[in-house]
Amino acid sequence: MLFEQIARNKRKTIVIMTLFIIILALVGAGLGYIFGNRPILGLIVAIIFSVIYMLIVLPNPANMVMSLNHAQEIDEQSNPQLWHIVQDMALVGRVPMPRVFIINDQSPNAFATGRDPNHSAVAVTQGLLDMMNREELEGVLGHEISHIRNYDIMVSTIAAVLVGVISFLSGIASRYIWWIDDDDHDNNDSNNSLNLIFKVIAILFVLILGPICASLAQMALSRNREYLADASSVELTRNPQGLISALKKIENSEPMKKADPSSAGMYIENPLHQQHGLTHLFDTHPPTADRIVRLEKM
């Protein structure tokens, strides 16, 4: 059951990342078609911007994310209990020891970030340390170490880059859309009509549908990562009850006061405690009740 769920979630991640790339390609091609009927040129521009953005973000995403969330790095002497639990989970997960941070917030929460297992970091709030016993802390930190071991931290960083590029391209289109000049006057009326229809479709996708689809894909990826990390945490701790108990406490807590909204999807539970209606399409996390049910079945 456990390994079947892990395999199923990994397949879903591959599907969602493939959708991301398709959306980016369509937005780039649509942009090129809008400005000069050159979809290939637009696709190349989208790829170039993606590469440039990744070269800026990927060298050290952990420092950037920790700074945005007001996290302070600690060592073994300043908090030996937290340090040793992270060390134990990293040892069991067979990943290098990540850097450890504490966020001065009384709402219980935690997240992992970084480029890869060799350049990773975990952060917990002071509220998590105050509220959880060792069994619950192991469940939470097993979850975060699983994000590192499963390369979720890299996947989430790449997803954020792709969403950023798509939003940037959409912004370019919205600013310069009125500069479009159709000079295909020599073509017949049917060709002009067809070209107009394609351009309207391209405009709608680049300005509206593309960014919405990218956001939906990012949220779906985030939710899928949480299910996978929950299952992987049980694999590390061999004790689903610790994580179940921790999730119940986190769910009933107050929102964090200074959490960075752009990092909300990285936390074990949405630090803003936002809900988006019955469909949950724009939720960064799956419903906690669903996560607990899955854990209980393990």
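P255 lies in the loop between α9 and α10 (288-296) of this predicted model. With a relative accessibility of 35%, P255 counts as partly exposed. S263 is also placed in the loop between α9 and α10, but at 2% relative accessibility S263 counts as buried.

- Setting aside residues up to four places away in sequence, P255 touches S107, P271, L272 and H273.
- One of these residues, L272, is 17 residues from P255 along the chain, and the C-alpha atoms of the two are separated by 5.0 Å.
- S263 is in contact with V65 and N69, leaving aside its neighbours within four places in sequence.
- S263 counts as buried because its relative accessibility of 2% falls under the 20% limit for that class.

**The sheet and the helices against it**

- Four strands form an open sheet in the order β1-β2-β4-β3, and their pairing is mixed.
- The edges of the sheet are β1 (71-74) and β3 (110-114), each of which pairs on one side only.
- Direction ignored, neighbouring strands of the sheet are turned by 30° against each other on average.
- Five bridges join β3 to strand β4 (residues 120-125), and the two strands pair in the antiparallel sense.
- A112 has V122 in β4 as its bridge partner.
- Helix α4 (residues 80-93) lies across β1, β2 (99-103) and β4, and runs at about 135° to β2.
- Helix α6 also packs on the sheet, where α6 touches β3 and β4 and its direction makes about 20° with that of β3.

**Packing of α6 on α9**

- Helix α6 (residues 134-149) packs with helix α9 (residues 240-251) at an angle of about 90°, and the two axes are 7 Å apart.
- The two helices, α6 and α9, are therefore roughly perpendicular to each other.
- On the α6 side the contact involves E135, E136, G139 and V140, which meet G242, L243, S245, A246, K249 and I250 in α9.
- By class, the residues of this contact divide into four nonpolar, three polar and three charged.

**Salt bridges**

- The model contains eight salt bridges.
- K249 and E136 form one of them, with their closest N and O atoms 2.9 Å apart.
- This pair links distant parts of the chain, since K249 belongs to helix α9 and E136 to helix α6, 113 residues apart.
- R134 in helix α6 and D88 in helix α4 are 46 residues apart, and their pair links distant parts of the chain.
- R134 counts as partly exposed at 36% relative accessibility, and D88 is likewise partly exposed, with a relative accessible area of 32%.
- A network of salt bridges links D88, R134 and E138.
- R149 and E235 meet through their side chains in a salt bridge of 2.9 Å, N to O.
- R149 lies in helix α6 and E235 in helix α8 (residues 189-237), so this pair ties together parts that are 86 residues apart in sequence.
- With 25% relative accessibility, R149 counts as partly exposed.

Technical notes. Residues numbered from 1 in each chain as written. Predicted model: local features only at pLDDT ≥ 70, side-chain atom pairs only at ≥ 80, totals over all residues. Heavy atoms only, no water. Axes fitted to C-alpha atoms, helices over the stretch in contact; angles between N-to-C directions. Parallel < 35°, antiparallel > 145°, perpendicular 65-115°, else oblique. Contact = heavy atoms within 4.5 Å. Nonpolar A, V, L, I, M, F, W, Y, C, P; charged D, E, K, R; others polar. Buried < 20%, exposed > 50% of the residue type's maximum accessible area, 1.4 Å probe, protein only. Pairing = 2+ DSSP bridges. Salt bridge = Lys/Arg side-chain N within 4 Å of Asp/Glu carboxyl O.
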